[in-house]
Amino acid sequence: MKEREGKIRLVKVKLKGLKKYFGKVKAVDDISLEINPGEFVVLLGPSGCGKTTLLRCVSGLEVVTTGKVFFDEDDVTYLSPKDRNISMVFQNYAIWPHMTVNNNIGFPLRIKRYSQKEIEKRVNWAAELLGIDNLLDRYPVQLSGGQRQRVAVARAIVMEPKVLLMDEPLSNLDALLRVRMRAEIRKLQENLKVTTIYVTHDQVEAMTMGNRIAVLNQGILQQFGSSEEIYHNPVNTFVAGFIGSPQMNFIEVEIVSQGKELFLKTKGLEVSLLDKYKDKVSKLSGKRKYILGVRPEHIYVSGRAQTDKVAATKGKVYFAELLRSDTVLHLEKEFGFLVVKAPGDLKIKEGKEIEILVDLLRIHLFDKDTGKAIF
Ligand SMILES: Nc1ncnc2c1ncn2[C@@H]1O[C@H](COP(=O)(O)OP(=O)(O)OP(=O)(O)O)[C@@H](O)[C@H]1O
Ligand SMILES: [Mg+2]
């Protein structure tokens, strides 16, 4: 891929106590984040959690209620979008139907009165990067969805923005194309190294694309970390439940001590705690309620465990989803259904009782009332 001699300057984006209220709706509620120069950060959360609003506050399309936005040390909170040197890619592409691909990509440059020669040079550079240099004379109606999306991205990068903002840019594409464009956008960003904020409600997109992920819920930042941190150490039940498919199992348990041992217990399941968790748990009040969290992929069918640090229990197979790559088992337990992600080659009959093993190293414990993780 051809580079434009590293002309894009890398900036750090800092959000400080950002709030955006629409009347009583707290769309963005006191968010502070620091995004490193050249980093690819994903804003992830359910519909209505404030992702677009937060992105629009960074772009300047939305005026913040309180708080500040910095690009490096510059306070840009009250600068208009055109003075921030940002580009935004929207979900619906927003490319002009009456303009050729060439003119669409060059549009921001013409507005800023770049010379014809410079426009041509930059349009060719961006079109080549996106692999659409053979489509420059076509109109949007003559393009596929994926090609249109590439035009929108090319148009976003011709200005060589300091910050690239993308709001669910792939959600209109079919599943296969989405996977391909995901990889393309990631590679393009690695190549340009432009600081990027990417909005999605798709956890797989977030996990595979972001250097770091900011998980939002109801306008509040829940957790900001690498995909590894968010998957292995979710800070609360919201993050734990939002990341991972099938979803983490949540089971209400009591903490019981017997001699030196500690157990998480409910009817039909008894999980002993490894030493590394004991300190955190022995301090807890026995009066509160707790939730044991365990991901379906961390419960093994008997004989298939890679570890001997397990708690065994039994369950009747109520339903087996035969995906062939995996088998997702829904087991009937005293406390409800327990979901287990088993290997695809497993021969299993619905109605049969099987033994399963909970991985003691991969369990999570949450306070039921606050939802906060204990470990
Ligand atoms: N202009 C507006 N006026 C009033 N309320 C608004 C406005 N824009 C957004 N909201 C509200 O703010 C909250 C956050 O909206 P936002 O569009 O940021 O969510 P989102 O996370 O982008 O959701 P989605 O995934 O559906 O795009 C919602 O409750 C929404 O109804
Ligand atoms: Mg949105």
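User: How do the residues of the shell around ligand 1 divide into nonpolar, polar and charged?

Analyst: Four are nonpolar, seven polar and one charged. Nonpolar here means Ala, Val, Leu, Ile, Met, Phe, Trp, Tyr, Cys and Pro; Asp, Glu, Lys and Arg count as charged, and the others, Gly among them, as polar. Bear in mind this is a predicted model: local features need pLDDT of at least 70, side-chain atom pairs count only at pLDDT 80 or more, and totals for chains, interfaces and linings use all residues. Residues are numbered from 1 along each chain as its sequence is written, while chains are lettered from A and ligands numbered from 1 in the order in which they are written.

User: What makes a residue part of that surrounding group?

Analyst: Its C-beta atom, placed from the backbone, has to lie within 6 Å of the molecule. Those surrounding ligand 1 include Phe22, Lys51 and His201. The largest share, three residues, comes from H1.

User: Why are S3 and S9 called paired?

Analyst: Two strands (E runs in DSSP of at least two residues, numbered from the N terminus) pair if DSSP finds at least two bridges between them. Four bridges join S3 (residues 40-44) to S9 (residues 212-217), so they qualify, and they run parallel. Leu44, for one, has Val215 in S9 as its bridge partner.

User: What makes S6 and S10 edge strands?

Analyst: The open sheet goes S6-S7-S8-S3-S9-S10, with mixed pairing. S6 (86-89) and S10 (220-225) each pair on one side only.
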